[in-house]
Amino acid sequence: MTRSASVLASIGLVFVAAAAQAAAGFVGRVVDGDGRPVAGAVVSARFRPLARTTSVYADAEGRFAFPDLAAGTYDLRARHFGFRDANVMGHELAGGELQLRMEAETDEYDRLAALPSNRWLALPLAAMPSAQMREEFVRECTFCHQQGSWATRVQRDPAAWEKIFSLMARMGGILSRETRSALPGILNAAYDPATAVPKLKEQIERHPLPDGAGLTAVIDEWEVGDRASVQHDIVVDHATGAVYSADTTKDMLYHLDPATGERRKFKIPDAGLPLGGVFSGVGNVLPPNADAHVAPHSLQVAPDGKLWVTLCLGNKIGVFDPRTESWKLIDQPEGLYPHTLRFDRKGRAWYTLAVSNHVSMIDPATGAHRTIRLPAKTWAQAIAVRLAPFVIRLPGWFGQPETASEGAPVPLPYGIDIAPDGGVWFSQLNVHRIGRIDPESGAYELIDTPFPAPRRLRFDAKGNLWIPSFSAGLIARFNPRTREFRTWKLPTEPEGTETPYALNVERTTGRVWICGTNSDTLIRFDPTSEKFVVYPLPSRVTYTREIDFDDQGGIWTSNSNTPGWHIESENPHILRLREGVGQPAAPAQHARR
Amino acid sequence: MRRSGAIRLAAISVAAAIVSGCAAERRAPASPPPAAAAGAPGTDGLRVVLLWGDPVDLDLYVTDPVLETVYFANNSSTSGGKLDRDASCRDAKEERLEATRWREPPRGHYRVGIDFSDRCGQDTREVRYRLVVDVRGKRLEKEGTVRLARFIYEAIEFDVREDTRAR
């Protein structure tokens, strides 16, 4: 048992004092240079002592109203496509109505540079010769970060692109030779400003951005970690209302109290492992600014209130006791790369092992620890996953590859969830498959998905399995009784540019929330009306990978673009969206099947 | 049947890889150029230079105190760091040197990483390197060995104690 904890006192304590003086929030109007309303503008108020930004949408008349905020000084910003941000720094929260005046952006490149990444991603996709290459590019090249962001839409020497593809392969994003040789030319042409600007102008006229006008929601963003942080996953602790996040690249567990804004961080023991954990020395690459020895990835609250965290590079499970603020580490004797974890109704932890193609179970009550090997789809994959443990244990015994980036994609068991009947369902992202494990016998069945890249899946209360297709930009509902899939394309335009990493289903309403991972949005889907609602997020390059809900209707996610400094604020956030707070109006809706 | 076949094939592959790894001819790595090849230490700013002797591709990674890394894919940083020179296989036979500099380096901790990313067709598995760090007229040096595809995250770490921008 190791005890390791520290407190971000400067943030938390200052806010505790400020919270006692809560006051009515800002109200006002956003107008353009001629005094006309800027409908749908996102108005944000950053409270420096807390490092928290609260945002609302302006209505059709440009009017906005914040919920109650802590008394103090705020940095205000109004943002809307086609305009320069209107910033008011250091504004005291007081009565009266504000008017935020926005000037039109007259520089055409700067105007289009403000578009979400997915809009730029459409440019290289349109130039690719085959659907197969498009799918591969989206699946492999948006694995860790947005594609089309300010940092990725650049032109490079072909040799530099080749070095990037090599590095990427050592981080797990492996491209075929055909795609690898075609991409430098395609990317350099697509991201040439001379051709990109007219294409984006045409695109935005054909497919306007989702409009915030009429959306009634408040979004809070708490800054967590630093420029090297990746807040990979979050989870809500329903017993306390706290939210935890796992900082993969800093070996840190964060605790946020939404009521006070206090943040605490708990260092995860490194178990004596070097940087890179058990994968150190076998050719894999960490982000060069990372401090990851064990790399926390997915986390859940156990029935006894302890936090269970998969430690993917440490090849362990971490169990954190919030009462004693201590850690216990559980070794993974078989298999590699503990990934996504869920508890079943009997309190057993089930998790995927992404590299070695396993699913594992730990029963905290008995100490039982069982690991089930899943089938690969090809011989090459079967060999690769079986060789992986030997390569890691005995790296010096193996001949080194001709370049540093040869390898075969593994099946990649990814998302996992527990059905109402207790069945354990998982996805295999790279082989377009889902499967069910009988939790008692360990027997499994496999089902091919009629779409590629099934990622983080979830059950609804009726026993339907909802699945995001990361590379096809759609969501699917699978009925385990009838074995039928039904799919809906996401409303993100242009089609095919969204990368929904994860979704979650509100058990009480059946509504599905989806990460708009490449478009800086959260997307809500109502299965009854089959309508989507798109919430543009206030920050750019957000990259979200997980969704959870609190008991007050809040929808939670976190920013996990890698590297973190690509994020607009150069810092990840834990983020909460609350619907129905703010201007009363009917949301804009989009229907697509 | 298929499963046992896969295991047999895996076993054969393991054996072949071990034999290949053990039997491979290993050429002794060339000595890196002397520190003088990095040039005379300047009196101002920060410069990190990576030197090596074999005609292969090594890459230099310098992470600054605000946790941004300057390397071939991010050749300038918000803190003012710039990659002066990115060597690649194309010019591996000529100049084996990569360098990163800050004219006004921010105060704080720096971490230098090294990667042997490409053999450039050479029968070379290990490369000897020399790192030269010039901080406002003071020089640090380190010599070491890097293996193909074995990223060294912390080849050298150092602190810049005085914020030169404040002068």
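Which residue takes a positive phi in the hairpin of S25(A) and S26(A)? Here are a few friendly notes on the model, with the answer in the first point.

1. It is Gly422(A), with a positive phi near 95°, in a hairpin that has five residues between its strands. This is a predicted model, in which local features need pLDDT of at least 70 and side-chain atom pairs count only at pLDDT 80 or more, while totals for chains, interfaces and linings use all residues. Residues are numbered from 1 along each chain as its sequence is written, chains are lettered from A and ligands numbered from 1 in the order in which they are written, and side-chain values use heavy atoms, with hydrogens and water left out.

2. Ile416(A) has Phe426(A) as its bridge partner in S26(A).

3. His255(A) is buried, at a relative accessible area of 16%. Leaving aside neighbours within four places in sequence, its contacts include Tyr244(A), Glu262(A), Arg263(A) and Phe266(A) (contact means heavy atoms within 4.5 Å).

4. Over all chains, the structure holds one disulfide (a pair of cysteine sulfur atoms within 2.5 Å). Cys89(B) and Cys120(B) form it, with their sulfur atoms 2.0 Å apart. The torsion about their S-S bond is about -80°, so the disulfide is left-handed. Cys89(B) lies in the loop between strands S4 (82-85) and S5 (97-102) of chain B, and Cys120(B) in the loop between strands S6 (108-118) and S7 (126-135) of chain B, so the pair ties together parts 31 residues apart in sequence. Cys89(B) is partly exposed at 30% relative accessible area, whereas Cys120(B) is buried at 19%.

5. Two cysteines of chain A deserve a glance as well. Cys141(A) is in no disulfide, and the nearest cysteine sulfur, that of Cys144(A), is 10 Å away; Cys141(A) is buried, at 5% relative accessibility. Cys312(A) is in no disulfide either, with the sulfur of Cys144(A) as the nearest cysteine sulfur at 11 Å, and Cys312(A) is buried with a relative accessible area of 1%.

Methods. Buried means under 20% relative accessible area, exposed over 50%, partly exposed in between (1.4 Å probe, protein chains only). Helices (H or I, at least four residues) and strands (E, at least two) are DSSP runs, numbered from the N terminus. Two strands pair if DSSP finds at least two bridges between them.
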